[in-house]
Amino acid sequence: MVQDIIKFIVDILKVPAVLVGLIAMIGLIAQRKPLTDTIKGTIKTILGFLVLGGGAGVVVSSITPLGNMFEQAFELQGIIPNNEAIVSMALNEYGTATALIMAFGMVANIVFARFTRLKYIFLTGHHTFYMACMIGIILTVAGFDGWQLIFTGSLTLGFVMALFPAIAQSQMRKITGSDDVAFGHFGTLGYVLSGWIGGLVGKNSPSTEQMNLPKNLSFLRDSSISISLTMMVIYLILAICAGSNYVESNLSGGNNYLVYAIIQAITFAAGVFIILQGVRLILSEIVPAFTGFSEKLVPNAKPALDCPVVFPYAPNAVLVGFLFSFIGGLIGLFILGKLDFVLILPGVVPHFFCGATAGVFGNAMGGRRGAMFGAFANGLLITFLPVLLLPVLGSLGFTNTTFSDTDFCGIGIILGNMARFFNKEVIMAIMVGIFLLLVICNYAVKPSIQAPKKEQ
């Protein structure tokens with residue numbers, strides 16, 4: 001019965017809209033807002049996430065056929081990294097451990113934010129769920145069970161939920177122009193790499209949002225139009241390469257393959273537009289509501305939100321990032337083929353969401369060149385890291401499948417090798433030691449204050 005209750009709670013919390021709505025409600029109640037304001041703020045926050053999720057669904061439904069046409073056109077076979085696929089495979093055997101680690105991991109995240117300098121509350125529920133699943137699998141195979149499994153897994157999950165937003169925050173400030181919102185998506189290593197590379201190559205490079213166009217082409221400044229036209233070209237090329245018979249028999253339901261490609265391209269742009277509106281609605285509600293939550297429970301805490309939260313700050317970089325990340329994936333695929341490794345096919349869904357985000361980070365740090373080179377590096381990273389994770393997952397009984405996003409791969413490789421070389425007592429001691437060191441650093445070490453520079 002206890003397990004059923006916990007499973008029900010986890011089923012609620014892994015839905016981003018409900019999770020963030022609850023946080024908003026707690027914050028508004030903590031601020032003693034009137035009942036009407038509390039209800040309005042909670043519902044508008046949930047509504048914003050549902051709009052965002054609806055937009056993401058539109059993007060995924062329109063971009064999936066693009067991947068199908070790509071595979072058909074070039075007759076490629078290999079592994080397409082997919083978070084959902086590997087988690088669905090694992091839940092039958094590791095479902096209870098996943099649910100308990102997620103539930104208590106979210107508590108651990110609040111504890112880390114309260115007692116250390118990692119003042120971030122990770123609010124991307126489905127990514128928390130996936131990370132809990134991966135941690136649960138690795139620790140179970142390493143010999144953990146019972147309270148040791150839940151304690152160590154929750155502590156590990158809470159740590160990474162607070163750590164990765166902290167890693168991205170300096171670049172997030174550059175993107176948003178404020179310190180109100182943090183970044184909560186487990187592709188952080190790729191995004192920070194993109195921003196770092198952008199800073200190296202993008203000196204004096206104008207932003208992707210600054211387009212000097214002739215008067216008769218000024219309509220291209222509208223990101224929805226530019227995305228529609230660019231994607232139209234890509235869809236039409238791949239539809240022609242895949243062939244009319246394949247598209248009309250397998251994808252378009254008998255409709256003309258060129259018309260189908262055009263409609264899918266514009267549908268993709270519509271999905272991006274919906275996402276942007278959802279993010280704007282969320283930000284207008286969650287930031288004020290979260291102030292009350294942080295003041296009462298975790299002073300100075302920041303909400304860490306899903307990757308589309310950065311899309312409105314550079315919509316053109318979203319498209320640039322997707323395209324160059326995908327190109328990076330293709331180059332990585334070619335290199336893997338030459339080295340006779342397992343082929344990691346570039347999945348258009350992870351390359352869109354991760355690549356688009358990498359483009360925004362790269363653009364913030366290095367303009368157009370930063371967006372292009374940074375997203376390209378992200379594409380390479382999400383091609384090669386899954387290859388390095390494959391041996392770990394293979395040893396756990398999961399063959400021919402792997403996670404797609406960089407942080408899953410990074411944590412999986414580290415934790416998997418810890419399980420290989422250390423016993424469970426050592427692993428538990430390491431995680432407890434990390435927590436204690438962070439607490440000691442928070443209370444015993446004063447933050448360094450830089451002396452103001454002298455004026456020349």
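**Aromatic pairs and their labels**

Reader: What makes Phe 361 count as buried?
Author: The model is a predicted one. Buried means under 20% relative accessible area, and Phe 361 has 0% relative accessibility, so Phe 361 counts as buried. Tyr 191 is also at 0% and is therefore buried.

Reader: How many aromatic pairs does the structure hold?
Author: The structure holds 19 aromatic pairs.

Reader: Why is the pair of Tyr 191 and Phe 361 called stacked?
Author: Rings pair if their centres lie within 6.5 Å, and planes under 30 degrees apart count as stacked. Here the centres are 5.8 Å apart and the planes are at 25 degrees, so the pair is stacked.

Reader: Which parts of the chain does this pair link?
Author: Tyr 191 is in helix 7 (residues 188-201) and Phe 361 in helix 12 (residues 348-395).

Reader: What makes Phe 311 and Phe 352 an edge-to-face pair?
Author: Planes over 60 degrees apart count as edge-to-face. These planes are at 70 degrees, with the centres 6.1 Å apart, so the pair is edge-to-face. Phe 311 lies in the loop between strand 3 (302-305) and helix 11 (315-338), while Phe 352 is in helix 12, so the pair ties together parts 41 residues apart in sequence. Both residues, Phe 311 and Phe 352, are buried.

Reader: Which residues do ring pairs link into a cluster?
Author: The cluster consists of Phe 70, Phe 268, Phe 311, Phe 322, Phe 326, Phe 352 and Phe 353.

How values were computed: Residues numbered from 1 in each chain as written. Predicted model: local features only at pLDDT ≥ 70, side-chain atom pairs only at ≥ 80, totals over all residues. Heavy atoms only, no water. Phe/Tyr/Trp six-rings, centres within 6.5 Å; stacked < 30°, edge-to-face > 60°. Helix = DSSP H or I, 4+ residues; strand = E, 2+ residues; numbered from the N terminus. Buried < 20%, exposed > 50% of the residue type's maximum accessible area, 1.4 Å probe, protein only.
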